[in-house]
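Here's a quick tour of a protein chain for you to follow along with. Keep the 3D view open as you read.

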Amino acid sequence: GTINIGDSYVDPALYQYRTASKGTKPVDIVVLPDGFTSTQKGDIVTPGTFMYLANQGIDALFNSEPYKTYADYFNVYFIWKASNQAGASVSDGAGNITEYHDTAFGSFWGGAKYEDMAANEGKVYGFVSAHCPSIVKGTRTIYEVPVLLIINDERYGGRAHITSSGRTYCM
């Protein structure tokens with residue numbers, strides 16, 4: 001027979017940080033860690049952990065316009081995935097890895113070149129597709145859910161990856 005688990009199934013990796021209270025089709029944002037080990041998940045009050053940094057980042061985003069005005073139209077999910085090693089890989093600036101870190105999503109930085117920052121898109125989009133509630137339920141596709149990737153690394157930088165089909169992740 002068929003077992004219908006409906007909404008009673010709770011994904012242990014998922015933490016819903018913000019729940020939309022307005023609109024008929026809220027915007028979903030997914031926040032993922034990369035380079036955080038199993039002991040670095042933390043919570044929203046422990047500095048230096050993924051949950052704390054995700055909390056600080058999303059709070060900063062929604063304390064600025066236009067997000068502040070439209071905050072009630074957003075769902076924000078923190079979805080946990082541990083990496084085997086802390087930090088991010090380093091490249092030579094041309095995409096060749098010179099210092100490897102075994103991370104969940106394969107993030108790397110290229111010396112001082114921001115244009116050489118990336119992650120493994122297949123792993124990012126595959127994981128989000130398997131864990132984001134609206135995608136799992138079929139009300140959204142991966143093309144409609146922006147992904148924010150928080151990298152466990154002290155270097156300053158950031159980059160958005162956007163495909164012509166609409167998929168996007170930001171580091």
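What follows is a short briefing, from the whole chain down to single residues.

This is a predicted model, where local features need pLDDT of at least 70 and side-chain atom pairs count only at pLDDT 80 or more, while totals for chains, interfaces and linings use all residues. Residues are numbered from 1 along each chain as its sequence is written, and side-chain values use heavy atoms, with hydrogens and water left out.

**The whole chain**

- You'll find 3 helices and 10 strands here; these are DSSP runs numbered from the N terminus, with helices being H or I of at least four residues and strands being E of at least two.
- Starting at the N terminus, the order reads β-β-α-β-β-β-β-β-α-α-β-β-β.
- The chain is as compact as a globular protein of its length, because its radius of gyration is 16 Å, close to the 16 Å that the globule rule gives for 171 residues. That radius is taken over C-alpha atoms, and the rule is 2.2 Å times the number of residues to the power 0.38.
- The C-alpha trace spans about 50 × 45 × 40 Å along its principal axes.
- Of the 171 residues, 39% are buried, meaning under 20% relative accessible area, with exposed being over 50% and partly exposed in between (1.4 Å probe, protein chains only).
- Among contacts (heavy atoms within 4.5 Å) with a separation of 6 or more, 60% link residues 24 or more positions apart.

**Threonine 103, tucked away**

- Look for threonine 103 in the loop between β5 (97–99) and β6 (108–110).
- Is threonine 103 buried or exposed? Threonine 103 is buried, because its relative accessible area is 7%.
- A polar atom of the threonine 103 side chain lies 3.0 Å from the backbone nitrogen of glycine 106.
- Leaving out residues up to four places away in sequence, threonine 103 touches Asp34, Gly35, Ser83, Gln85 and Gly87.

**Two other loop residues**

- Valine 45 sits in the loop between β2 (27–34) and α1 (50–62), and valine 45 counts as exposed because its relative accessible area is 63%.
- Aspartate 92 is in the loop between β4 (89–91) and β5; aspartate 92 counts as partly exposed because its relative accessibility is 45%.
- Aspartate 92 and tryptophan 109 are 17 residues apart in sequence, and their C-alpha atoms are 8.6 Å apart in space.

Notes. Polar contact = N/O pair within 3.5 Å; in protein donor to acceptor, adjacent residues only side chain to side chain.
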